[in-house]
Amino acid sequence: MEGIKKLTKHQIFWPITALILVMLFNLFFTPGFFKLEVKDGHLFGSIIDIINRGSPLMLLSIGLTLVIATGGTDISVGSVIAISAAVAASLVGGQMIFVDGVQEYVTLVPMPLAILVTLVVAVLLGMWNGTLIAKLGIQPIIATMILMVAGRGIAQLITEGQIITIYYKPYFFFGGGYLLGLPFAIFIVGIVLLIIMLFIKKTAIGLFIQASGCNASASKYAGIHVDRIKLIVYTISGLCAGIAGVLISSNIKSADANNAGLFIELDAILAVAMGGNSMTGGKFSIPASIVGALVIQSITTTIYSIGVPPEITLVVKAIVVIIICLLQSEDFRKMFTTMSHLQRGNNIENKLTN
Amino acid sequence: MKSENTLLTMKNICKYFTGVKALVNVDFTLREGEIHALMGENGAGKSTLIKVLTGVEKLDEGEIHLLGQHVLPKSTHEAQSIGISTVYQEVNLCSNLSVAENIFIGREPMKFGRIDWKTMHKRARTALEKLNVDIDVSQTLDSYSVAIQQMVAIARAVDVDAKVLILDEPTSSLDEKEVEKLFEIMTKLKNEGIGIVFVTHFLDQVYAVCDRITVLRNGEFVGEYEIKDLPKVKLVAKMIGKDYEELNASIKGSDSQDDEAHSNKEVFLEAKQLGKKNEIEPYDVIVYKGEVLGLAGLLGSGRTEMAKLLFGAEKPDTGELCLEGSKKNIITPLQAIKNEIAYCPENRKIDGIIPDLSVRENIILALQSKRGWMKYIKRSEQEKIANDYIKLLSIKTSSAEKMVKELSGGNQQKVILARWLLTQPKLLILDEPTRGIDIGTKTEIQRLVIELANKGMSVIFISSELDEMLRTCSRMVVLRDRVKIAELTGDKLETNVIMNTIAGGN
Amino acid sequence: MKTNLQTKFIPILITFLLLIGLFAFGSFKYTGFFSLQNFLNLLIDNAFLLITAVGMTFVLITGGIDISIGAVIAFVCMLSADLLQKGWNAAVVMVLMLVIGCAFGTGMGILITKFKMQPFIVTLAGMFLARGLCYVVSIDTIIIDNPVYVAISQSRVPIGSGFISWSVVIALVVLAAAYYILHFSKFGRTVYAIGGNEQSARLMGLPVDSTKILVYTLNGFCSALAGLVFSFYMLSGYGLHTVGLEMDAIAAAVIGGTLLTGGVGYVIGTLLGVLTQGAIQTLIMFEGTLSSWWTKIVVAALLCLFILIQRVFTLVKAKKAR
């Protein structure tokens, strides 16, 4: 009993339980969900699909966990994805040329440079959010809303209103390639996760983020530069969204300013909430958010595979976010405890009268 | 006692906050046409009693009778409607609304289903004229001084046909003249038959206007007295309790010879014409090594602002700061920490603790920022430090991993103290370190302060309680209206002298 | 007294001058820009924005935020298009939409006030819920060909040599009603009091919780009404209608002098904010070579600029008050 109590106290316990539940559901109701096939030396199957498609979401949830831990939010990630996809696609693009009569594609600029530029743009966008919030004191929801709305316009300008198709083959590896039989994207997630975790655990940044999110004023008196911390987390969030943008454009081999990353901010916030992180800031766990992201991707994939109209997913997710936040709300819990108290009181009364 | 004149009785009032007893069996009676002082130190339960009476908090046990009728207000609105009005310490009005609206919002005069602004302005003017205030009532409240805002609050409270008027430390941000005016108004209202409950920290004010006194201590009822039966010294003794003599005996002693001592003591900090516009006028101050310097003055006198400038929590716009003889530029807390200055802020809950972090994390926080984010203190070292300080300051917690919000106020304060002691400061600034904590911890903290000073640390001590300052400080700087007005040492360190200096008399 | 009045209205004055400046610029640069009808077109094209921005102004004055409005408008268009196509009576559909809007707003208001959830997360979820419901109705565009809707859509109310649509009349009625409520009703003044200092408002015995819920209800109503007006304007329902409209509405309020921190705001200013955005849109249209996306970017930039101006003003005011 004591052991179970200890286990449930771990933040990651509940998202893992949720993941297991989704998996169990699939075990019974989705035939062939766990089937893995080897085709051309790669693994195929729903599980691999979840990992591959969930990679951008996992990246976003890493950045967003930090942002939410400082008591903020970032709803511009979808637009940052669109912008970085547009930048990457227009730089990599791929022009068709003929070499010895065989058609080949070359990039506008070398691919590493293109990706570097893309990530720099994403970092700058994150810093823009961070500056508005940390230096000008604008509420995070409004500051990032500005980029969310205007960002799609910027992406449109970059793509000149067109969907840019990418023809350059090596670029497809990021979002569609395989390494050791697994999707390459998951390795990128792994590397980013490793770097961020080292950054959080081996330096005091993690502590400072928690402190700033929990009590900004007290943190200032303790010598923490709260605005710098905020700037850092929004920058990281921008960078994560940028990498996600590269993965997505590589996976779908094009950049669509209107639809790339559309509505993904809800998934990302939901992932962080699923991970049991407080929506008001403070204590956080990135691995828990990653598991949360996997749960959401599994739900999405499940919905597709059991034949429920996929249109309903947005509705379901929105309701789940509300439920999780309700569960975090002290007043909501109080309402229930008082109700159960009343219940218990009635029971006792009943017993007494009996 | 003329019982037919009794306006309000509160009997056996009890109130518990998650495990803490805030009020235990407290009685309180108020007569028609009297001014009744409610006295007690910080944390004695005055504000809780008022909150219970005005419906902000629900009482756990006890009864309230108003004019013989049993009442139980569930909200401030309800309290107001039965005639119990309150004016709070911080002006609790809306500064974005006009003066007239602040008096009438919620019960605006209506005409044809719409707010009748003309009548409202007229009535607001009359209401304020009664209090001898003549201002443009259509202006927003924030265009007037705090004193005027206070008057507006009183006008609102009285205009709702109040039978009981509660004034919760209304004088803390008023100057002498404004206080006098307030007293005039209070007397006038009293003569109209209103019962006034007056909460204040200033003993002289109690004796200037009040008829009776009720004293609370640690949430318990001490007694109810006619003003003429209770001289000032006895009142203080009642407020502080029997611990008063004990405290004096146990702590006092080492600071008798300090007058000559200062001349050969080394200077740690010297501020020359340090100031910030609208916060505090430029001031000079010297802090010697190994002394406890007190900053005396009322709330809002500039004592906290003075400390904040030294700590870099506010950016000075004039003057300079020298530490051990060399000029330093301190404009952020981090720079102060790196220069071995520590600051325990006034408001523990808002500026002190990080509630959701563990005791351990709260303790190492300042040291960590002093070392920088790159040099993360190893977990094992953190645990050792935390446990050492828990022992050293006898912090009552089941483990270093407990969240600090689960600790009692006094222990939270000790955690903050540990945080700063850990940075090994040469100057420790304590702003109201004993507010709202139990008397035992209070004594411990006072004793600690003197010990630290004896070991050579400089301490700046700020407190609303003069007695506490007298016990700990060897020198005092007095502030009034954001100006440093005096420095007191030696035999001038005496209640009357300090009180008079604060009040601006002779 | 006079100086104070002036500082209070300086932000609105700036907006007014900006609007005149934009109009003058357009009139000099493009032929046909300076005409009564072109001005009235600003109202016709932005009637729905004005309605929803008025609702948003209420929310912002209390210090809250609602980013679900764009999605609610889209949902109202979508559902009414669907129901009309199924042969429902136009009047029934309109009433139903307004009821749905109110219910939606009330629900969010209850979550925010009773359970102390942050407005942004509640309305963010609301936004996705409404968008999701659009897709549940249909993922394709549904055309509205109900005769009543078409008739309203094509109606013209002559004004001098020009004309406006019935939607504009509705919007102006909403504006007038909002002005009246904010300045002459207890509810309206409580809205300001909450934005000024919620704790004080509570201590003064004002009905804070119910007022806040009512504000979100009112905003839900405005969104639904804006949705109806938008369906008259577009005569279609589509899941991606009015994406990002929440920023336009917030920008209109802020450009019109509403403080994001709450407590200060004027619906007349909001009208100016809407007209300013309309003028920018028209200018970009007249230019012809610029993509319509520039509108969003310019509005975003303008929003940032006005937030900056507000910062400066609050700082100056805080210094004076000391």
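Which residues in H4(C) meet which residues in H6(C)? The residues in H4(C) are Ala90(C), Val93(C) and Met94(C), and they meet Val148(C), Tyr149(C) and Ile152(C) in H6(C), where contact means heavy atoms within 4.5 Å. By class, this contact has six nonpolar, no polar and no charged residues; Ala, Val, Leu, Ile, Met, Phe, Trp, Tyr, Cys and Pro count as nonpolar, Asp, Glu, Lys and Arg as charged, and the others, Gly among them, as polar.

This is a predicted model, in which local features need pLDDT of at least 70 and side-chain atom pairs count only at pLDDT 80 or more, while totals for chains, interfaces and linings use all residues. Residues are numbered from 1 along each chain as its sequence is written, chains are lettered from A and ligands numbered from 1 in the order in which they are written, and side-chain values use heavy atoms, with hydrogens and water left out.

Two packed helices are described by the angle between their axes and the distance between the axes. Helix H4 (residues 90-114) of chain C packs against helix H6 (residues 147-154) of chain C at an angle of about 75°, with the axes 9 Å apart. Axes are lines fitted to C-alpha atoms, for helices over the stretch in contact, and angles run from 0 to 180 degrees between N-to-C directions. H4(C) and H6(C) are therefore roughly perpendicular to each other, the class for 65 to 115 degrees; angles under 35 degrees count as roughly parallel, over 145 as roughly antiparallel and the rest as oblique. Helices (H or I, at least four residues) and strands (E, at least two) are DSSP runs, numbered from the N terminus.

Chain C also meets chain A, in a contact that takes 39 residues from chain C and 43 residues from chain A. The two chains bury about 3500 Å² between them, 85% of it on carbon and sulfur atoms; buried area is the accessible area (1.4 Å probe) that two parts lose on being put together, summed over both. In chain C, Phe115(C), Phe128(C) and Trp293(C) lose the most area to chain A, together 19% of what that side buries. The count between these chains is zero salt bridges, a salt bridge being a side-chain nitrogen of Lys or Arg within 4 Å of a carboxyl oxygen of Asp or Glu. Three residue pairs (both at pLDDT 80 or more) are in polar contact across the interface of chain C and chain A. A polar contact is a pair of N or O atoms within 3.5 Å; within protein, one must be able to donate a hydrogen and the other to accept it, and residues adjacent in sequence count only if both atoms are side-chain atoms. H4, helix H5 (119-137), helix H11 (245-255) and helix H13 (293-321) of chain C each supply at least two residues of the side that touches chain A, and H5(C) gives the most, with 13 residues.

Between chain A and chain B, the contact takes 22 residues from chain A and 29 residues from chain B. Chain A and chain B bury about 2000 Å² between them, 70% of it on carbon and sulfur atoms. In chain A, Leu207(A), Tyr221(A) and Ala222(A) lose the most area to chain B, together 34% of what that side buries. The count between chain A and chain B is one salt bridge: Lys283(A) pairs with Glu361(B), the closest N and O atoms being 3.2 Å apart.
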